[in-house]
Amino acid sequence: MKVTVSIFHKILAAMLLVALVPLSAIWYVDYRTANNYTTTAIQQQLAELSDRTVTQVNDWVGMNLKALNQNAALADMVSMDPKRQNPILRTMLNEYSWSYLVFTIGPDGINIGRSDDKEPIDYSDRVYFKQVMEGKTMGSQVVISKTTNKPALILSAPIYFTDTAGTRQVTGVIAMGMSIAELSARITNLRIGKTGFAFLLDENGKVVAHQKEEYADTSADFSQHPAYAGRPASGRKELVYDDAGRKVIAYAQATAQGWTMVTQQDYDEAYGPVRSAALRGLVILAVTIVLVTL
């Protein structure tokens with residue numbers, strides 16, 4: 001069957017071409033502009049939230065470490081005598097409301113002074129104790145507390161003894177146990193949109209702070225989480241991954257302690273304005289085709 005192209009078909013094709021080419025160009029330019037603008041806005045929001053939360057964590061840890069160092073330098077603390085240490089430890093506990101225990105440990109790992117006056121405990125297996133005894137100026141570990149049996153963040157610092165020759169050596173460890181709930185509250189209060197939030201992982205991928213209580217309360221293992229697997233050694237890194245069946249865009253950033261701060265938002269929510277703009281453009285194109293044809 002021979003197809004006849006009439007003047008009508010030629011005019012229709014010409015009118016569609018004249019109408020759709022500039023509209024398509026305008027739609028593409030608008031789409032690209034909206035996409036670029038939205039991408040930049042998302043990056044700025046997540047980066048700003050990441051910087052803010054990392055700064056909060058660094059400042060919070062720094063404040064607690066400073067308190068440990070100041071009290072570790074006191075003569076009563078250097079004495080490693082529990083009768084002289086305990087009044088100081090109790091004062092520290094009262095001053096820092098988020099702590100549940102302040103204590104000292106001897107070089108053998110056995111607990112010496114305690115703010116709660118309970119029986120000494122063996123802490124020789126704890127990472128935060130080993131870190132200080134190996135020469136680090138700060139130790140940290142997310143653990144299940146031997147005192148409360150709940151997840152806790154422990155920070156520790158060395159107690160130095162200086163002899164008459166001016167030689168300084170570590171004679172013990174001072175440590176503070178803090179509820180993870182306190183740090184979680186500081187971090188998870190910061191939100192972006194309906195789905196954007198932040199969470200904090202320690203150097204082993206365990207949850208230090210998270211908006212979901214079941215993760216924070218159990219120090220959930222996130223060592224296989226895409227954000228932890230793709231974390232940067234330093235600085236900040238943009239990531240896109242699947243989280244529980246949802247595509248998310250995120251920033252992973254290292255803290256001063258070697259932990260990983262993650263700020264993320266659902267991809268659909270983040271790029272919703274771009275999809276809406278693209279849909280409106282396609283509707284206009286479709287209406288134009290119908291009107292020109294009519």
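A search of the whole structure, which is a predicted model, finds 7 aromatic pairs. Let's begin with two of these pairs, then move on to the cores and to helix α3.

**Aromatic pairs**
- The ring centres of Trp60 and Trp98 are 6.1 Å apart and their planes meet at 50°; because that angle falls between 30 and 60 degrees, the pair counts as tilted.
- This pair joins distant parts of the chain, with Trp60 in helix α1 and Trp98 in the loop between α3 and β1, 38 residues apart.
- Trp60 and Trp98 are both buried.
- Phe103 and Tyr128 make an edge-to-face pair, with 6.3 Å between centres and 75° between planes.
- Here strand β1 supplies Phe103 and helix α4 supplies Tyr128, 25 residues apart, and both residues are buried.
- Phe197, Phe199, Tyr215 and Phe222 are linked into a cluster by ring pairs.

**Charges over rings**
- Arg168 places its charged end over the ring of Tyr160, 3.7 Å from the centre.
- Over the face of Tyr228 lies Arg231, at 3.8 Å from the ring centre.

**Nonpolar cores**
- The largest nonpolar core has 36 residues, and Ile174, Met176 and Leu200 have the most contacts inside it.
- Elements giving two or more residues to this core include α1, α3, β4 and β5, and α1 gives the largest share, 8 residues.
- Another core, of 14 residues, lies apart from it and includes Phe199, Val207, Phe222 and Ala252.

**Helix α3**
- At the start of α3, a side-chain oxygen of Asp81 comes within 3.1 Å of the backbone nitrogen of Lys83.
- Buried residues in α3 include Gln85, Asn86, Ile88 and Leu89.

Note on methods:
Residues numbered from 1 in each chain as written. Predicted model: local features only at pLDDT ≥ 70, side-chain atom pairs only at ≥ 80, totals over all residues. Heavy atoms only, no water. Buried < 20%, exposed > 50% of the residue type's maximum accessible area, 1.4 Å probe, protein only. Helix = DSSP H or I, 4+ residues; strand = E, 2+ residues; numbered from the N terminus. Polar contact = N/O pair within 3.5 Å; in protein donor to acceptor, adjacent residues only side chain to side chain. Core = buried A, V, L, I, M, F, W, Y, C linked by side-chain atoms within 4.5 Å. Phe/Tyr/Trp six-rings, centres within 6.5 Å; stacked < 30°, edge-to-face > 60°. Lys NZ or Arg CZ within 6 Å of the ring centre and 35° of its normal.
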